[in-house]
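Reader: Could you walk me through this model, a few questions at a time?
Author: Gladly; here it is.

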Amino acid sequence: MLNDYERKVLRILYNYKGIRRRFPTIHELTVKTGRGKADIVAALEGLIATNYITWADKSDTANIVILAGWERESEQPKQPAASQFDRPGDISYWTEY
C-alpha cells in the first residue's frame, strides 16, 4: 500500500506524461509537490520497491517507465461491512429509542 506522498508522485508522473508527453524533471516535481529533492527521490525509490515504476538510469527522470499508473485494487483499503443496525426498512430506531 502506498503512502499519500508516493501516491501523489505517481499520479503526477502519470498525468504529466499523458498531457505533456514527457516526465517532469526533479525541479518540476519539487514545485508541484512542495517538497524537497530528497523527499522526491525517496518517494521514487518507494515506487521502485513496490514495482509501480522502473528507473534504470537515475541521472534523469526521462528514463522512468510506469508499470502501474494507479494503486492496485488488492492494496486499496476495504470499507467495513454494514453494521447490524443498518437494515433497510427497519424502523426500530424510531420506535424503540
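Author: Buried means under 20% relative accessible area, exposed over 50% and partly exposed in between, with a 1.4 Å probe and protein chains only. This is a predicted model, in which local features need pLDDT of at least 70 and side-chain atom pairs count only at pLDDT 80 or more, while totals for chains, interfaces and linings use all residues. Residues are numbered from 1 along each chain as its sequence is written, and side-chain values use heavy atoms, with hydrogens and water left out.

Reader: Thanks! In what pattern do the helices and strands follow one another along the sequence?
Author: The protein has 4 helices and 2 strands. These are DSSP runs numbered from the N terminus, with helices being H or I of at least four residues and strands E of at least two. Read along the sequence, the pattern is α-α-α-β-β-α.

Reader: Which residues of α2 are buried?
Author: α2 covers residues 26-33. After the helix comes Gly 34, with a positive phi near 80 degrees. The buried residues in α2 are Glu 28, Leu 29, Thr 30 and Thr 33.

Reader: Which backbone oxygen does the side chain of Thr 33 reach?
Author: Polar contacts here are pairs of N or O atoms within 3.5 Å; within protein, one must be able to donate a hydrogen and the other to accept it, and residues adjacent in sequence count only if both atoms are side-chain atoms. A polar atom of the Thr 33 side chain lies 3.4 Å from the backbone nitrogen of Arg 35. At 2.7 Å, the side chain also reaches the backbone oxygen of Leu 29.

Reader: How do α2 and α3 pack: roughly parallel or roughly perpendicular?
Author: Their axes are 9 Å apart, at an angle of about 100 degrees. Axes are lines fitted to C-alpha atoms, for helices over the stretch in contact, and angles run from 0 to 180 degrees between N-to-C directions. Under 35 degrees counts as roughly parallel, over 145 as roughly antiparallel, 65 to 115 as roughly perpendicular and the rest as oblique. Therefore α2 and α3 are roughly perpendicular.

Reader: And at roughly what angle do the axes of α1 and α3 cross?
Author: Tyr 5, Glu 6, Val 9, Leu 10 and Leu 13 in α1 meet a set of α3 residues including Ile 40, Leu 44 and Leu 47. The two axes come within 9 Å and cross at roughly 85 degrees.

Reader: Which residues touch the most other members of the largest nonpolar core?
Author: A nonpolar core is a set of buried Ala, Val, Leu, Ile, Met, Phe, Trp, Tyr and Cys residues joined through side-chain atoms within 4.5 Å. The largest has 17 residues, and those touching the most other members are Val 9, Leu 13, Leu 44, Leu 47 and Ile 64.

Reader: Which element gives the most to this core?
Author: α1 (4-20), α3 (37-49) and β1 (53-55) each supply at least two of its residues. With 5 residues, the element that gives the most is α1.

Key. Contact means heavy atoms within 4.5 Å.
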